[in-house]
Amino acid sequence: MGILEWFGKNRSEGHSSSLPKANKDEGPEPKQNSLDHDIGIALSGGSARGYAHIGVLKALDEQGMSPDIISGTSMGALVGVLYAAGYSPDHILELVKKDKIYNMVSLRFGQNGLFELDAVRRILQNEIKEDNFSVLKKPFYLSVANISDGKNEVKGEKGPLFDYVLASCSVPVIILPQVIDGKTYIDGGLFDNLPAASIKDKCQTLIGVHVNYNGPMTKLDGIREIAQRTFSLGIEQNVIESRKMCDFMIEPEELKEFTFLDFDRVDELVEVGYENTKKMIEEELAPVLKKESIEKEETEG
């Protein structure tokens, strides 16, 4: 029995899975979704740490669990839109390694931020045939923070694409905001760093990938680590509800060893995402699949 077949059997028979569940003790079980797609994945923001998403997607692809609907915020939006456009994780890795972060931004003094994502726009223009959500091969949604009106917005299905991807990646103060239709937009992580709600009611099984470790840390050295920890803990507050919407979560603890600016450690970050996802599949899914297979053989025997 393949993994996708097991998911279908699990749903149709009403079985509960032994996958690692999001913490749902803090609220009621979310309502059942409309199940338009098999597997959905929500990719969090996390700057350089977001490169781990590439490894997660690679491991899922290899195990026949390719998501067919995607949502993302910030770096999760960039990786997510390229995956939704039909590109393999290996190709996405080639793109980000070719255009390292110091080539992906252009210095712009005297404006609302320090950098502009010129090269990111070029990647989108080169890799996606039209500036519209509708041309993507898989449904894709992203979160952006509308700071003009002080609210979160979700974009997807149709309409202009590139400006909103750039807006979702626009870390406040560091990256130049995007002004779209007279409104100023920045990194979606401000309000929704794990955009699970946008696809929860559109998929059978929802995977959440959170790349910002917020567990206990024994030592914080220097102002940069303290600032990063403070920022991460602040964003964590808008992840709590999103985590409860997911059927299971991927949250590699090893990512605490990386900073938001470790863009030159892309291979290591991808490997962390890959190995954590592979391990979870082997340790959590494999025993369930084996049990289902044995029960099926006994029934048919």
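**View 1. The end of helix α2 and the residue that follows.** Just after α2, G64 adopts a positive phi of about 75°, where helices (H or I, at least four residues) are DSSP runs numbered from the N terminus. This is a predicted model, in which local features need pLDDT of at least 70, side-chain atom pairs count only at pLDDT 80 or more, and totals for chains, interfaces and linings use all residues. Residues are numbered from 1 along each chain as its sequence is written, and side-chain values use heavy atoms, with hydrogens and water left out.

**View 2. Burial along helix α2.** Helix α2, residues 52-62, is mostly covered, with 8 of its 11 residues buried (under 20% relative accessible area; exposed is over 50% and partly exposed in between, with a 1.4 Å probe and protein chains only). The buried residues of α2 are A52, H53, I54, G55, V56, L57, A59 and L60.

View 3. With a disulfide taken as a pair of cysteine sulfur atoms within 2.5 Å, the count comes to 0 disulfides. C203 is in no disulfide, and the nearest cysteine sulfur, that of C246, is 8.8 Å away. C203 counts as buried because its relative accessibility is 0%, and C169 counts as buried because its relative accessibility is 12%.

View 4. E271, E275, E282 and E283 form a negative surface patch (residues with over 30% relative accessible area and no salt bridge, like charges being joined within 9 Å and nonpolar side chains, namely Val, Leu, Ile, Met, Phe, Trp and Tyr, within 5 Å; a salt bridge is a side-chain nitrogen of Lys or Arg within 4 Å of a carboxyl oxygen of Asp or Glu). E275 lies in helix α11, residues 266-300, and E275 counts as partly exposed because its relative accessibility is 37%.

Technical notes
Accessible areas come from the Shrake-Rupley method with a 1.4 Å probe; for residues, only the protein chains shown count as cover. Lys and Arg count as positive and Asp and Glu as negative; His and the chain ends are not counted. The place of a charge is taken as NZ of Lys, CZ of Arg, CG of Asp or CD of Glu. Helices (H or I, at least four residues) and strands (E, at least two) are DSSP runs, numbered from the N terminus.
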